Amino acid sequence: MKQNKRTTRVVLSVALAGVIGLSVAGTTNASAEDTVKSGDRLTGAAAGPLAPLTLRQGARGEAVKTLQGRLTEHGHPVAVDGVFGPTTTAAVKDFQNEHRLTADGAVGQKTRQALNAAPSARPGGSPSRELTHSQAVARLKAADIPFSSSGHCIDKYKRGCTSFQGVREGTLNLVLDLKQRSRCDFVITGAAEKYPHSTSGPRTHEHGYKIDIRPNACLNSFIRNHMAPGKPRGKNNDPRWTGRNAEYVLELHGRRGEHWDITYLG
């Protein structure tokens, strides 16, 4: 019985060594890239660089947690839950687009090398890049930021809808940063839809430079205490504060009721 247990441990050790690319019995696959298919469960360290595995949607385990951690460090926050689902796929595609890689959502050699590199400023021009609705929603969901729509729709050109189609990356980053810094819960009530917002000027909702947020005590206090007060805006003298590349106006008589009108100025 003892010999059987020892044999089992040896067999398991050899199997695990093969999975993570260690040399076994004089052979090695450390340079080979193992493809992890949908539904496979992975093992490995949850910290440090990504192992030489190709990861794609459906994969699970510690290697996926490492991937999710690297994505978050590179500015694409996702839940580190070890499940390679649609949200992680969207984050991978965003990362690939930014680094001019094939945006297939799978983490192969080139994507892995880019993720293993030290996080740096996003490629030039990315703040003005237009995101799709699904890309923006995936990032908001990962940051636990909900949005509401009076019409329960996401059509950019339909009244009553809330749409992120065409929202600028810099605009979305403002909201993600606001959530992280303030630690306040809040709800987005308007984004890149055309109606019922003003269409005058270059930095409009329709062009992706504005987001509306429902006021609450926590958020109100953070903006008032951490942003610089500015000159009131418009005929209603709506209170205004300014931050880096941003303007925060508390519209007291807006078309959608009282709300924070946040504009990306970068």
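Reply: A disulfide is taken here as a pair of cysteine sulfur atoms within 2.5 Å. By that rule the chain has two disulfides, and, with the bonded cysteines numbered in sequence order, their pairing is 1-2, 3-4. The model is a predicted one, in which local features need pLDDT of at least 70 and side-chain atom pairs count only at pLDDT 80 or more, while totals for chains, interfaces and linings use all residues. Residues are numbered from 1 along each chain as its sequence is written, and side-chain values use heavy atoms, with hydrogens and water left out.

Me: How do you know that cysteine 153 and cysteine 161 form a disulfide?

Reply: Their sulfur atoms are 1.9 Å apart, and the limit is 2.5 Å. The pair therefore meets the criterion and is counted as a disulfide.

Me: What makes the disulfide of cysteine 153 and cysteine 161 left-handed?

Reply: The torsion about its S-S bond is about -105°, so the link is left-handed. Both cysteine 153 and cysteine 161 are buried, a term for residues under 20% relative accessible area; exposed means over 50%, and partly exposed lies in between (1.4 Å probe, protein chains only).

Me: Which parts of the chain does the link between cysteine 184 and cysteine 218 tie together?

Reply: This disulfide has an S to S distance of 1.9 Å and, with -75° about the S-S bond, is left-handed. Cysteine 184 lies in the loop between α6 and β5, whereas cysteine 218 belongs to helix α7, so the pair connects parts that are 34 residues apart in sequence. Helices (H or I, at least four residues) and strands (E, at least two) are DSSP runs, numbered from the N terminus. On that basis there are seven helices and ten strands in the chain.

Me: Why are cysteine 184 and cysteine 218 placed in separate accessibility classes?

Reply: Cysteine 184 has 0% relative accessibility and so counts as buried. Of the 266 residues of the chain, 41% count as buried.

Me: What makes arginine 183 exposed?

Reply: At 75% relative accessibility, arginine 183 is over the cut-off and is therefore exposed. Arginine 183 is located in the loop between α6 and β5; although not a glycine, arginine 183 has a positive phi of about 60°.

Me: How do you know that alanine 192 is buried?

Reply: The relative accessible area of alanine 192 is 0%, under the limit for the buried class, so the term applies. Alanine 192 lies in the loop between β5 (188–190) and β6 (210–213). Contact means heavy atoms within 4.5 Å, and, not counting residues up to four places away in sequence, alanine 192 touches residues including Lys156, Phe164, Val167 and His205. Alanine 192 and valine 167 are 25 residues apart in sequence, yet 5.5 Å apart in space, C-alpha to C-alpha.

Me: Which peptide bond at proline 196 is cis?

Reply: The bond from tyrosine 195 to proline 196 is cis, with omega near 5°. Proline 196 is found in the loop between β5 and β6.

Me: Why is α2 called oblique to α3?

Reply: The axes of helix α2 (residues 62–73) and helix α3 (residues 86–98) come within 11 Å and cross at roughly 50°. Angles under 35 degrees count as roughly parallel, over 145 as roughly antiparallel, 65 to 115 as roughly perpendicular and the rest as oblique. The crossing falls in the rest, which makes α2 oblique to α3. Leu67, Gln68 and Leu71 of α2 make the contact with Thr88, Ala91, Val92 and Phe95 of α3.

Notes:
Axes are lines fitted to C-alpha atoms, for helices over the stretch in contact, and angles run from 0 to 180 degrees between N-to-C directions.
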